[in-house]
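Where does this protein leave open space, and what surrounds it? Take a look at the model first, then follow the walk below.

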Amino acid sequence: MQTYNLALIGFGGVARALAEIIRDDSDHLADAVGFRMRVVAITDLNLGTLTQPDGIDLDAVLALPRGTNFAGLPGGSAEVDNEAVIRDSNAAIVVEATFTNPETGEPALSHVRWALESGKHVTTTNKGPVALAGTRLLELAAQHGRRFEFEGAVMSGTPVLRFASQMLAGNRIRGVQGILNGTTNYVLGRLADGLTLDDAVREAQELGYAEADPTADIEGSDVCLKVSILASRVMGVDIAPEAIPTEGISGITSEDIETARHNGQVWKLIGSVTRTPDGTTTARVCPIALENIHPLAGISGATNAVTFDTDLLGQVTVSGPGAGRVETAYALLSDIIAIHAQGGPAA
Ligand code: HSE
């Protein structure tokens, strides 16, 4: 059975969850997906670099006390040179899960580029590089005969991008409309329960839904990136994030919520991409008071959902987790399974 060597770039909650899955579930996975995984390199800005070309002892890494760097482990160092690890390690697949600036896409964008240039497949959970340079990076992957996979960039491990490209293949997708941010959906629910915006956001942070800077959630820029990704990858139209009119939920008052409730409506932050009959495509992010009978009205808490409007099947809605460490680690795993299905790493 084939074993794939992985380099984990960034070792926060999501990459750590993937390492736990690999450590704890490898026999089940080998049976289920037909391959094994071995982590040969890990880098993290706070922890340093660990390389063991024959396979890292994940028990030892996962047992390190919080904040202890890799320097005390064989093959470990407190220094980080991501470019050297990405280009020179014996990994066939680079798992990119760093803290990345969503506006520049860096450092993830460079990590993806270095990996593809050096003949490695890439999976990432970062939205920035996909929204800002997805088409360019897919071309680079094709030039090098490698895969660039990013299912986790939209709705974490809930299969939205692959669902559209594979399960809806043959349909013309006329539009996409979704609740694409768990934090704001959770916050809107808690505002309806009577909490203040600050308290509701604090709760969402404590539950681990919110971005490092929750402004990206509340003011809609997180959804804007996801809408840009859906436009290009599902509708085939590149729309830059800055070209998408974006309004968040900070302007919604308790009176707005009460009025909506009185009218049989509920506020949701909706990201949408629509193809008009003349062939143009428009995208936007804004709060909408949906009628209670709308398919997205009943999506509550941090759950996400997206409705595809198709010509042959009508409306199809996929709902599931949009955030969370294990849920997002599953997105990375599903990308690796997709790479395997395409013939696997030749590197
Ligand atoms: N902060 C995001 C959310 C995480 O709340 O949905 C996933 O992008």
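The residues lining the largest cavity divide into five nonpolar, one polar and one charged. Here Ala, Val, Leu, Ile, Met, Phe, Trp, Tyr, Cys and Pro count as nonpolar, Asp, Glu, Lys and Arg as charged, and the others, Gly among them, as polar. This is a predicted model, in which local features need pLDDT of at least 70 and side-chain atom pairs count only at pLDDT 80 or more, while totals for chains, interfaces and linings use all residues. Residues are numbered from 1 along each chain as its sequence is written, and side-chain values use heavy atoms, with hydrogens and water left out.

Stay with the cavity. On a 1 Å grid over the protein atoms alone, a cavity is a set of points where a 1.4 Å probe fits but cannot get out; a pocket is an open set with protein on both sides within 12 Å along at least five of seven lines; lining residues have an atom within 4 Å of a point. A search of the whole structure finds one cavity of 30 Å³ or more. The largest cavity has a volume of about 40 Å³, where a volume is the space filled by probe spheres set on the points, and grid points are joined across faces, edges and corners. Its lining consists of Ile22, Ser26, Leu29, Ala30, Phe35, Arg36 and Met37. Two elements, H1 and S2, each give two or more residues to this lining. H1 gives the most, with four residues. Helices (H or I, at least four residues) and strands (E, at least two) are DSSP runs, numbered from the N terminus.

The largest pocket holds about 1,300 Å³ of space. Its lining has 46 residues, and Phe99, Lys127, Ala210, Glu211 and Ala212 lie nearest its centre. Helices H1 (13–33), H5 (127–143), H7 (182–192), H9 (215–218), H10 (221–233) and H12 (325–341) are the elements that give two or more residues. H10 provides the largest share, five residues. By type, the lining of the largest pocket has 16 nonpolar, 21 polar and nine charged residues. Where does the largest pocket lie? Domain 1 (3–157 + 326–341) and domain 2 (161–321) both give residues to its lining, so the largest pocket lies between them. The domain bounds come from an automatic or database domain assignment.

Next, the helix pairs. H5 and H10 pack at an angle of about 20 degrees, with their axes 8 Å apart. That makes H5 roughly parallel to H10. Axes are lines fitted to C-alpha atoms, for helices over the stretch in contact, and angles run from 0 to 180 degrees between N-to-C directions. Angles under 35 degrees count as roughly parallel, over 145 as roughly antiparallel, 65 to 115 as roughly perpendicular and the rest as oblique. The crossing of H5 and H10 is left-handed, meaning that the near helix is turned anticlockwise from the far one by less than a right angle; clockwise is right-handed.

Finally, the backbone. Most residues other than glycine have a negative phi, and most peptide bonds are trans. Glu106 and Pro107 are joined by a cis peptide bond, with omega about 10 degrees. Pro107 sits in the loop between strand S5 (93–96) and helix H4 (108–117). Met155 is not a glycine, yet has a positive phi of about 60 degrees. Met155 is placed in the loop between strand S7 (148–149) and helix H6 (161–167).
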